[in-house]
Amino acid sequence: MIDWKKYLIVFLITATLFLSASYLSNYFGGKKIGELQLIQDKIAIDILSSETQYALLSDLSCRNVSGTLLSGELAELGKKLEWGEENLGDSEEVRNLKRYYSLLEIKDYLLAKKISERCRVKSAFILYFYTTLEKCKECEREGLVLTALRDKYPELRVYSFDYSTDLSAVQSMLNIFKIEDTKLPALVIEDEVLTGFHSLEELETRVQESFKLQETKPEETQKK
Amino acid sequence: MSSISNIIFYIFIFSTVYAQVFLLVTFLENRKKIVIRKGSVKLSSYPAVTIVVPCWNEETTVEKTVDSLLALNYPKDKLKIFLIDDGSTDSTWGIISKFENYPNIKTFRKENGGKFTALNLGLENLKTDFFGGLDADSFADSESLVRIMSYFEKDPSVMAVAPSLIVHNSKTLIQSAQKIEYLMAVYFKKMLGLLGAIHVTPGPLTVFRKRVFDDLGPYRHAHSTEDMEIAYRMQKNNYKIEHCNDAYVYTSIPGTVRKLFRQRLRWIYGFINNTIDYRNVLFRRKYGDFSFFTLPAGIVSIFAVSFLLGRIFYNLGNFLYSKVVQYQTVGIHFTASLNNFDLFFISTKSFIFLEILIFSLVFLSMILGKQMVEGKWRPSWNMLYFLLIFSVIAPFWLLKAIYNTIISEKPAWR
């Protein structure tokens, strides 16, 4: 009376549809990872090019060096990576991309720091350390503050590092600034380490101070 | 915790897709058998049929209902009509009394006892071999009865035949949504009929052989869904129920969300409680697809919708909480990313594709239902209204029906 064969066939069809959905998901997920890799490669080339340029012309004219564009792309990559972490699953590929991203951030930071020293441009840097290993509510809130801050001041450079990133360069950064995982989130502004949550107003005041320096210095250099 | 939730979520999605594919395969197997007959059908003999119209405060529609029965393309001497006033407090009795002089109409007046008691009064007075009901808010198409009777002629083992219910009044948006839902129900019903797995023999013009009631007894209260219980009882006794897709009965449907809610609450409550009453029918080989497909699919859909609603509320709660945290932290702030939309941020998780698949299958069901009734399958805006309206409000009557079952509170008729 019951057509068991039909129940089985329908099961197989449904399973095939499920597998197809998962295949599509993997396919598009792979495309997204590919897109992230492309952006990273481009940034890597840009950084390498700036470094080479910097090394070639020791007497580099400060006007020729503009790092703002670079950071903008890094920020976009950061956003996409963060989204990817939540939506593409915790895969080795995403973790690798994140390591690479941290490395690019450090390189960009070092280069920008060198340029700012050479050209006596004092840009507003913020290094931000957070964790994803455990639930860190303060980190989430600090992240919101920094996003808002960066939207307000596009010139501001925020380099964010996941404390748990398995990369020696990141670990060195943690050692240099003596960041402890019990005191996260942590911010580094002008070599000063701030731990715990800091509000938008608080950071804005600090950043504005940095900006003032930036506004006055280039004129002074020109006068010289 | 979230991984368990995800597993349940995917099991429910799998079951939903399974049920839809099952019906679709049934359709493909039988598509040649599904025809819409044009014009009038001739029978080799016209057995006598009694149609009972139970009325309770139906003054606005009952006259039209009786007129539709009088206009049926069926020999007048073979068609008996019982008009039964189940203790109406409006002018219903006055209206049906006007039909007293018709030779084939008999009127009855009784104290209010519920629809099943009115139908049973009709059964007590039944002298014909066939019995049908017609709710007093529904109107039979003139060809409906003869087309239904052709199923009995073709197959002597058929014990009941249900018609296609078509929405009579679709003025409001909520009615337009139901209109397409009823068309989709025709498709589901036809497929269940082909599987021998129908679980409702609706009040509007389902016709039974008298033997059904002789063997199985009269209608029962059955949680205010006597038309569902009789179908369960028939399935339990392996009595064949067919669906006649080209027999049309036009039925009045609720025009407001409130009324629709009450109607659906009664239906779902009836389904849950009749299924509980007939739980020993579940997963028994001798009860066929009714036991392995219809009932499990209904049960799973109730749990699935409740679960999905819970999940939606949970996600909504999380989203609102994150917005509150954002507001507390940085005030009202819109990120620049909204301005430059990027395809990258469109989710491509596998459940997105599965949801698209489910919606496509639902659309296909609506189109096939439309095809089975109207002979054309043009998509309409009503399909969108249905998805939008029902996906928002249906979970609530489901949950309320579950809640009422748990605290055993019976829903009112109207």
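Predicted model: local features only at pLDDT ≥ 70, side-chain atom pairs only at ≥ 80, totals over all residues.
Two packed helices are described by the angle between their axes and the distance between the axes. Within chain B, helix H6 (residues 173–195) packs against helix H11 (residues 350–374) at an angle of about 85 degrees, and the axes of the two helices are 7 Å apart. Because angles of 65 to 115 degrees count as roughly perpendicular, H6(B) is roughly perpendicular to H11(B). On the H6(B) side, the contact involves Ile180(B), Leu183(B), Met184(B), Ala185(B), Val186(B), Tyr187(B), Phe188(B) and Lys190(B), which meet Ser365(B), Met366(B), Leu368(B), Gly369(B), Lys370(B), Met372(B) and Val373(B) of H11(B). Classified by residue type, this contact of H6(B) with H11(B) has eleven nonpolar, two polar and two charged residues.

The contact between the two chains draws on 29 residues from chain A and 27 residues from chain B. On the side of chain A that touches chain B, at least two residues each are supplied by helix H1 (4–56), helix H2 (68–87) and helix H4 (137–152) of chain A, and H1(A) gives the most, with 16 residues. The residues on this side of chain A comprise 16 nonpolar, six polar and seven charged.

Technical notes:
Residues numbered from 1 in each chain as written. Chains lettered and ligands numbered in written order. Contact = placed C-beta atoms within 7 Å. Helix = DSSP H or I, 4+ residues; strand = E, 2+ residues; numbered from the N terminus. Nonpolar A, V, L, I, M, F, W, Y, C, P; charged D, E, K, R; others polar. Axes fitted to C-alpha atoms, helices over the stretch in contact; angles between N-to-C directions. Parallel < 35°, antiparallel > 145°, perpendicular 65-115°, else oblique.
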